[in-house]
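Subject: Handing over the structure

Hi,

Here is the structure I promised to pass on to you. Please open it alongside this message, and then read on for what turned up.

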Amino acid sequence: MNRPLATRAFSGIVIIAIGVALLLNSIGVYQLNWLFENWWPMLIVLAGVAVFINNARSWLVAAFLVTLGGAYQLRELGYVDFEPWQVIWPLILIVVGAGLVFRKSYHGDRATEAEREDVTAILSGSGSVNTSDHFKSSTITAIMGGAKLDLRQAKIEDGAVIEAFTFWGGIELIVPENVTIKNKMSNVMGGTDDQTSQKSDKKSPTLVISGMAIMGGVSIRNTPNVY
């Protein structure tokens, strides 16, 4: 069974179980108010499991949901008496900081300065237009700011990788139409919007877009946004 079908089957079983429980509670066969009052955080945990089943690369998102649901469940059971968000927020900041410190490029030293384009926007806006004849990689970071990279004039011959990271910010990627887009972004309370209309085939080079959007967004387009 492929991952989308496995996720759908898992979600369907969970929904059926919840429906049966609600039905039994409504017709008085068995009172389950205590179940919904004390064990509702398990729904968040199950959502995390579903995310992982659907895409193992989204393990960080799944871990976040499982940790959040587990923390609330411990509070409901009386094992802890603090608000889970008081712990989750510092952990998010630690993960974000560690990600910035230990991030490594997929291409590393293989991409020369002329073959890559890095954009960083922290508490500000930053944009760049790349015209390289052999574009290979880019690292884009937007923290409480906006970053834009325009690749329409760049030539991608053997494939390229864009590593995007945004925290409370936004990234706009303007890509050529003659490449195959592989979106491998992970989102935590954020989103990736792919609005491209590609004119590619099996021989077209691949542009891999990976990274993470935490409470932020990444827009992938063929034309710039008009404000």
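Below is a walk through the cores, the strands, the aromatic pairs and the charged pairs. One thing to keep in mind as you read: this is a predicted model.

**The cores**

The largest nonpolar core has 24 residues. Ile140, Ile162, Ile171, Leu173, Leu207 and Ile209 are the ones with the most contacts inside this core.

Setting aside neighbours within four places in sequence, Leu173 touches Ile140, Leu149, Ile162, Ile209, Val218, Ser219, Ile220 and Arg221.

There is also a second, separate core of 13 residues, and its members include Val61, Leu68, Ile88 and Met215.

Strand 5 deserves a view of its own. Eight of its eight residues are buried, so strand 5 is largely enclosed by the rest of the structure. Both of its faces are covered. On one side you will find Ala160, Ile162, Ala164 and Thr166, and on the other Val161, Glu163, Phe165 and Phe167, all of them buried.

How do the neighbouring strands run? Strand 3 pairs with strand 5 in the parallel sense over seven bridges, and Thr139 stands opposite Glu163 of strand 5. Strand 5 also pairs with strand 9, again in the parallel sense, over eight bridges. In that pairing, Val161 stands opposite Val208 of strand 9.

**The aromatic pairs**

How many aromatic pairs are there? The count comes to two. In one of them, the ring centres of Trp40 and Tyr72 are 5.7 Å apart and the planes sit at 45 degrees, so this pair is tilted. The pair links distant parts of the chain, 32 residues apart: Trp40 is in the loop between helix 2 (33-39) and helix 3 (41-54), while Tyr72 is in helix 4 (residues 59-76). Are the two residues buried or exposed? Trp40 is partly exposed at 33% relative accessibility, whereas Tyr72, at 9%, is buried.

Phe167 and Trp168 also form an aromatic pair, and this one is stacked, with 5.0 Å from centre to centre and 15 degrees between the planes. Phe167 is buried, at 5% relative accessibility. Trp168 is partly exposed, with a relative accessible area of 44%.

**The salt bridges**

Side chains of opposite charge can pair when their charged atoms come close. A search of the whole structure gives four salt bridges, and here are some of them.

- Asp118 pairs with Arg116, with 2.8 Å between the closest N and O atoms. Asp118 is partly exposed at 44% relative accessibility, while Arg116 is buried at 16%.
- Asp150 and Arg152 meet at 2.7 Å, N to O.
- Glu177 pairs with Lys199, with the closest N and O atoms 3.6 Å apart. This pair links distant parts of the chain, 22 residues apart: Glu177 is in the loop between strand 6 (170-174) and strand 7 (180-188), and Lys199 is in the loop between strand 8 and strand 9 (206-214). Glu177 is partly exposed at 32% relative accessibility, and Lys199 is exposed at 64%.

**Two more residues to look at**

Asp194 lies in strand 8 (residues 191-194) and is partly exposed, with a relative accessible area of 35%. Its side chain makes a polar contact of 2.6 Å with the side chain of Thr196. Beyond neighbours within four places in sequence, Asp194 is in contact with Ile181 and Ile220. The C-alpha atoms of Asp194 and Ile220 are 4.7 Å apart, although 26 residues separate the two along the chain.

Leu65 lies in helix 4. Leaving out neighbours within four places in sequence, Leu65 is in contact with Ile44, Val45, Ala47, Gly48 and Val51. Between Leu65 and Val188, 123 residues apart in sequence, the C-alpha to C-alpha distance is 9.1 Å.

Notes. Residues are numbered from 1 along each chain as its sequence is written. This is a predicted model: local features need pLDDT of at least 70, side-chain atom pairs count only at pLDDT 80 or more; totals for chains, interfaces and linings use all residues. Side-chain values use heavy atoms; hydrogens and water are left out. Rings of Phe, Tyr and Trp (its six-membered ring) pair if their centres lie within 6.5 Å; planes under 30 degrees apart count as stacked, over 60 as edge-to-face and the rest as tilted. Helices (H or I, at least four residues) and strands (E, at least two) are DSSP runs, numbered from the N terminus. Buried means under 20% relative accessible area, exposed over 50%, partly exposed in between (1.4 Å probe, protein chains only). Contact means heavy atoms within 4.5 Å. A polar contact is a pair of N or O atoms within 3.5 Å; within protein, one must be able to donate a hydrogen and the other to accept it, and residues adjacent in sequence count only if both atoms are side-chain atoms. A salt bridge is a side-chain nitrogen of Lys or Arg within 4 Å of a carboxyl oxygen of Asp or Glu. A nonpolar core is a set of buried Ala, Val, Leu, Ile, Met, Phe, Trp, Tyr and Cys residues joined through side-chain atoms within 4.5 Å. Two strands pair if DSSP finds at least two bridges between them.
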